Amino acid sequence: MGPRKGSVGSFRRLGDILVETGVVSREVVDALAQEAVHHHKLLGEVLREEARIPEADIYAALAEQRGLRFEKLDVLSPLIDVKIATSVSRLFLEHHHVIPIVRHGEVMVVATCDPNLLALDLAEVFHPCKLDF
């Protein structure tokens, strides 16, 4: 069995994923990757600004890169359990860019726009639930 999708052993670059999914050409990625390095910016940021790549496409590629599921907010909104969402400090949720969606037994489903989110920070708040991103 190979490495889990999104694990370090199977890491794929953001630009490669966007090219493979037909969102942008290799030439555009290569040119804007150089610009990102030159201006000390993230590639996704430069692709959004210069190539007008929709933010949702960039987040979908980042989710794929890290082995996470991607859903748009309009799909998730009806699933949000307001009681759970309001049980955690709004300041905490905003700071961590996370929304608790629903609890299924021992599993808390959370949404985030930050694929670099540290699950350990959230585990303390949502203990004893296991987290599902």
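These legends accompany several close-up views of one predicted model.

Local features need pLDDT of at least 70 and side-chain atom pairs pLDDT 80 or more, while totals for chains, interfaces and linings use all residues. Residues are numbered from 1 along each chain as its sequence is written, and side-chain values use heavy atoms, leaving out hydrogens and water.

View 1. Let's start with the overview: the protein chain holds eight helices and three strands (DSSP runs numbered from the N terminus, H or I of at least four residues for helices and E of at least two for strands). Along the sequence, the pattern reads α-α-α-α-α-α-α-β-β-α-β. Of the 133 residues, 29% are buried (under 20% relative accessible area, 1.4 Å probe, protein chains only).

**View 2. Helix H2 beside helix H3.** Here the axes of H2 (residues 26-38) and H3 (residues 43-50) come within 9 Å and cross at roughly 115° (axes are lines fitted to C-alpha atoms over the stretch in contact, and angles run from 0 to 180 degrees between N-to-C directions). Have a look at the residues that meet (heavy atoms within 4.5 Å): Val28, Val29, Leu32, Ala33, Glu35 and Ala36 from H2, with Leu43, Val46, Leu47 and Glu50 from H3.

**View 3. The three-stranded sheet.** This open sheet has the order S1-S2-S3 and mixed pairing (two strands pair if DSSP finds at least two bridges between them). Strands S1 (98-104) and S3 (130-132) stand at the edges with a single partner strand each, so one side of each is left without a neighbour in the sheet.

**View 4. Strands S1 and S2.** S1 pairs with S2 (residues 107-112) in the antiparallel sense over six bridges. Val98 has Thr112 in S2 as its bridge partner.

Methods:
Buried means under 20% relative accessible area, exposed over 50%, partly exposed in between (1.4 Å probe, protein chains only).
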